[in-house]
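These are my notes from going through one model, entry by entry. I began with a sheet and then moved on to a helix, the chain as a whole, and the aromatic rings.

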Amino acid sequence: MTIHLSGERQESRPVTPAAQYDATVIATRPLAETLAAVPFFSGLDAAGLESVGRTVRTRRFRRGEVIFHLGDPGDALFIVMSGAIKISLPSDAGDEAILATLRPGDVFGELALLDGAPRSATATSLEPTETLVLPREQFRELIATEPVVRDALLASIASELRRLTDHVEELHFLDITGRLASRLVRLAADGGKLLSDGTIRLAAPLTQGDLAAMIGCTRQSVNKLLGIFTDDHLIRLDRESIVVLDLEGLGRAARR
């Protein structure tokens, strides 16, 4: 049996770096108010938010558009305002390992701004995405003069280190079934939508290829396991997403 998730991206579709971007101010609400809702900047006072607002610009990306490549120079911090971004490591054979999926309120690209080294991974939009971009010099000035932003940066780096530690632990100590169950539990906790019947819809877009790249296996293995999880009434596969029916059951499957 083959399980299909609607929205599986076509491999033949080219993914190219973004060459030109929109540079308009977000019009739905004042920019300072928009920044205040981002955890990275929420500790700033009104004057600080206004100052940051004068230096950021808006960039929009199409689905599948590369924001930066592994090895590119780091010249800006990105803040996700809408849409979704994947951070990945490509292989010479054309495969990839997805390190993280980012959603509104998340920031990325900070490491290269701290040490001056090239980008350590590739960032690609998973759907039409809008970001705010803070140039490197303004970012470094901000962390030098605003303790609350510096603290937020340290917390962000610590969180990333913990996430990578968890990922290494899963790869070494869990089989494929456990890794997929654990990842679905994490996706449910990170951006999942609680429905009226108590189930949790995972944030779209999410394909079998994405899941395989997250846990280090083939798409065919993911397809088979999703079928097993469905038969065990742990999940339901809807047209556009995965719905977790039994979060505790998935947790148990991750620990078998």
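**Entry 1: an open sheet**

I traced a sheet of four strands, which is open, has the order β9-β10-β12-β11 and pairs in the antiparallel sense. Its edge strands are β9 (193-194) and β11 (235-237), each of which pairs on one side only. I note here that the model is a predicted one.

I then looked at the contact between β11 and β12 (residues 242-244), where three bridges hold an antiparallel pairing. For R236 I looked up the bridge partner in β12 and found V243.

Next I asked which helix lies across β11 and β12. I found α8 (residues 219-231), and its direction makes an angle of about 120 degrees with β11.

**Entry 2: helix α2**

I went through α2 (residues 46-53) and listed G48, L49, V52 and G53 as its buried residues. These four are on the same side of α2, because the arc they cover around the axis is only 140 degrees. On the face turned away from that buried side I noted A46 and A47, which are exposed.

What do the buried residues of α2 pack against? I found two helices, α1 (31-36) and α4 (136-145).

**Entry 3: the chain as a whole**

I recorded nine helices and 12 strands for the protein chain. The chain has 256 residues, and 45% of them count as buried.

**Entry 4: aromatic pairs**

I searched the whole structure for aromatic pairs and noted four. One of them is F40 with F41: the ring centres are 5.3 Å apart and the planes stand at 80 degrees, so I logged the pair as edge-to-face. I checked burial for F40 and F41, and both are buried.

I then took up F68 and F108, with ring centres 5.9 Å apart and planes at 40 degrees, so this pair is tilted. The pair links distant parts of the chain, since F68 is in β2 (residues 66-68) and F108 is in β6 (residues 107-108), 40 residues apart. Are F68 and F108 buried or exposed? I found F68 buried and F108 buried as well.

**Entry 5: strand β7 and its partners**

From F68 I moved to β7, where the bridge partner of F68 is A123. The strands β2 and β7 run antiparallel and are joined by two bridges.

I looked at β4 (residues 85-90) as well, and four bridges join β4 to β7, again with the strands running antiparallel. The bridge partner of K86 in β7 is T124.

Last, I looked at which way the side chains of β7 (residues 122-125) point: T122 and T124 go one way, A123 and S125 the other. I wrote beside this that side chains in a regular strand alternate between the two faces of the sheet. I also noted that T122, A123, T124 and S125 are all buried.

Terms used: Residues are numbered from 1 along each chain as its sequence is written. This is a predicted model: local features need pLDDT of at least 70, side-chain atom pairs count only at pLDDT 80 or more; totals for chains, interfaces and linings use all residues. Side-chain values use heavy atoms; hydrogens and water are left out. Two strands pair if DSSP finds at least two bridges between them. Contact means heavy atoms within 4.5 Å. Axes are lines fitted to C-alpha atoms, for helices over the stretch in contact, and angles run from 0 to 180 degrees between N-to-C directions. Buried means under 20% relative accessible area, exposed over 50%, partly exposed in between (1.4 Å probe, protein chains only). The arc is that of the directions from the helix axis to the C-beta atoms. Rings of Phe, Tyr and Trp (its six-membered ring) pair if their centres lie within 6.5 Å; planes under 30 degrees apart count as stacked, over 60 as edge-to-face and the rest as tilted.
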